[in-house]
Amino acid sequence: MPEVFTYTFMQRAFLVGNMIALIAPLIGVFLIMKGLSQIGHTISHVALAGVALGILTGIYPVYPAILVSILAALGIEKIREKISDYAELSLSIILAAGMGIATILISLSDNSIGIMSYLFGSLTLVSELDLMIVIPMAVIIIVLVFLFYSGFFYLSFNEGDARLAGVPVKLLNILFMIIISITISLSLRIVGGLLIASLISIPVATGLQLARSFKETILYSILAALLSVNSGLITAYYLDLAPGGTVILLSVFYFLLAAIIKYLRERKGVQ
Amino acid sequence: MDRMAEVRNLYFSYGQEPVLNDIKLSVDRGDFIVFIGPNGSGKSTLLKLMIGELKPDRGKIQLLGRDINKFEEWHRIGYMSQQIRNFNRSFPATVKEVVAAALYREMGFIKVLNKRLEKRVDEVLELVGMEDFRDRQIGNLSGGQQQKVFIARTLVKEPELIFLDEPLVGIDLSSQEEFINLLNRLNQDLNITIIMVAHELQLIREAQKIAYFNGGGVLLYNQQDFAAAGYLNKDMLKAGRKPEVEYSSGGDYDA
């Protein structure tokens with residue numbers, strides 16, 4: 001067995017990383033097709049404030065991250081519903097407020113290593129507790145998306161028409177926001193708060209280059225994320241690089257590769 | 001006769017700008033009504049009010065005998081908005097996926113397509129002549145083909161009443177003719193009640209009743225009265241002039 005797989009902490013990192021690689025693009029496809037990718041950025045910054053709060057108070061940081069980001073996400077959903085004209089501006093304000101609070105809380109804490117691990121991701125710090133949280137949560141998210149698949153699809157395609165088809169728009173939007181918040185909070189460990197929004201969007205961009213249907217988009221996006229996380233973690237381990245940055249750079253590389261494949265395919269006239 | 005929709009003493013304004021004043025309109029099963037009138041006369045607004053997308057300032061709307069605020073049987077209603085084709089062209093969905101989504105309510109506990117519903121999707125695509133395009137991405141189709149897919153999506157729920165907002169805009173002439181034939185079949189063969197906003201003469205000629213919007217009010221005419229008044233004339237339509245006839249035997253309205 002290659003050395004990288006022999007360490008318990010790496011085994012945990014791979015397990016958590018692969019779960020994240022399943023759920024981040026799964027949610028990402030719906031988020032991006034709804035035109036809400038900015039929400040991913042905003043929630044990830046707010047989640048960092050939750051992490052800082054957890055470290056400062058000695059609570060396991062993923063819990064306050066989930067709580068704070070769900071509250072922010074529900075606030076965002078309310079804003080999106082009521083004042084859609086200024087939704088982008090509201091997101092920027094919430095993002096700034098989240099980052100501001102995170103910065104202040106970080107400055108009050110003396111555990112800067114802990115904070116750094118959530119900002120940029122960390123392999124060695126993935127704990128048993130992380131596993132216990134990430135695996136069941138990821139399974140729940142996958143089941144929920146599967147259960148409401150057509151509803152989420154229709155919401156992404158056209159929210160107004162979805163209502164007429166009997167889709168419980170409000171309920172599913174709230175559920176979706178909660179799922180995004182949980183996904184982002186769980187992902188902080190592996191890619192870090194600053195890069196999670198990229199793990200949600202870049203594999204989806206890759207999937208979009210190759211897919212011929214919505215289902216294929218989900219499938220290819222997940223494959224791209226799995227490839228990015230696994231090759232990223234291995235590269236980061238051997239070259240002693242930050243895992244978050246390595247995973248994201250590799251996902252950009254796979255995106256470019258997919259874009260080239262699409263270009264060649266179109267030139268050949270195969271569609 | 002079976003009453004499909006009823007609008008009573010309806011008022012609506014966009015901010016300070018009144019758009020609809022004291023509107024009354026009754027729609028019976030099997031009706032094919034076209035809303036016409038100058039731009040900004042409130043045709044699309046009334047359609048949006050009738051599907052609950054907008055809330056009236058005053059007045060009542062009933063759908064299938066129920067107050068719109070308490071109405072829940074949206075699966076019996078179909079709606080194609082004017083913006084329907086303004087969707088994201090790079091959205092990666094296939095024709096089948098787009099049509100199937102409308103069957104959400106019938107999907108059971110797990111919201112994915114089963115064999116029975118898949119068959120219904122195939123049947124409705126056949127009805128609109130798009131069965132060979134089921135696995136094609138919707139963004140890659142022509143305007144006329146997309147419109148047929150959207151009418152298929154509206155029809156797959158087997159609605160009894162459909163609202164169409166300018167369905168022929170941006171569609172080439174040959175597709176327009178096919179589309180009009182399709183609407184006639186839906187209305188006459190399947191007894192689907194159709195209410196639509198349109199500017200095209202050929203569509204107005206097909207309707208049984210014509211609701212003319214002008215200055216906040218609505219006048220309803222039978223096709224015969226409307227034609228007899230010599231109103232089926234492009235220039236008059238463009239000018240947005242009010243028809244000469246003031247009486248309609250088809251309904252109970254005026255503004």
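Colleague: How much space lies in the second largest pocket?

Modeller: Rolling a probe the size of a water molecule over the atoms shows where empty space is left. Here the second largest pocket holds about 450 Å³. On a 1 Å grid over the protein atoms alone, a pocket is an open set of points with protein on both sides within 12 Å along at least five of seven lines, whereas a cavity is a set where a 1.4 Å probe fits but cannot get out. Points join across faces, edges and corners, and the volume is that of the probe spheres set on them. This is a predicted model, in which local features need pLDDT of at least 70 and side-chain atom pairs pLDDT 80 or more, while totals for chains, interfaces and linings use all residues. Residues count from 1 along each chain as written, chains are lettered from A and ligands numbered from 1 in written order, and side-chain values use heavy atoms, without hydrogens and water.

Colleague: Which residues lie nearest the centre of that pocket?

Modeller: A:Arg163, B:Ile51, B:Gly52, B:Lys55 and B:Trp74 do, out of 18 lining residues (an atom within 4 Å of a point). Helix H8 of chain A, residues 159-164, gives the most to this lining, with three residues. Helices (H or I, at least four residues) and strands (E, at least two) are DSSP runs numbered from the N terminus.

Colleague: How many cavities of 30 Å³ or more does the structure hold?

Modeller: It holds one. The largest cavity has a volume of about 70 Å³. Residues from both chains line it, among them A:Tyr154, A:Asp161, B:Tyr79 and B:Arg153. H8 of chain A, with S6 and H4 of chain B, are the elements that give two or more residues to this lining. S6(B) supplies the largest share, three residues.

Colleague: What is the area buried between chain B and chain A?

Modeller: The size of an interface is often given as the accessible area lost when the parts come together. Between chain B and chain A the buried area (1.4 Å probe, summed over both) is about 2,400 Å². Carbon and sulfur atoms give 64% of that area. On the chain B side, B:Phe91, B:Pro92 and B:Tyr104 lose the most, together 27% of what that side buries. In terms of contact (heavy atoms within 4.5 Å), 32 residues of chain B touch 27 residues of chain A.

Colleague: How many salt bridges does the rule find across the interface?

Modeller: Side chains of opposite charge can pair when their charged atoms come close. The rule (a side-chain nitrogen of Lys or Arg within 4 Å of a carboxyl oxygen of Asp or Glu) finds one across this interface. It pairs B:Arg153 with A:Asp161, at 2.5 Å from N to O. Over all chains, the structure holds 20 salt bridges. B:Arg153 sits in helix H4 of chain B and A:Asp161 in helix H8 of chain A, so the pair joins two chains.

How values were computed: Buried area = accessible area lost by both parts, 1.4 Å probe.
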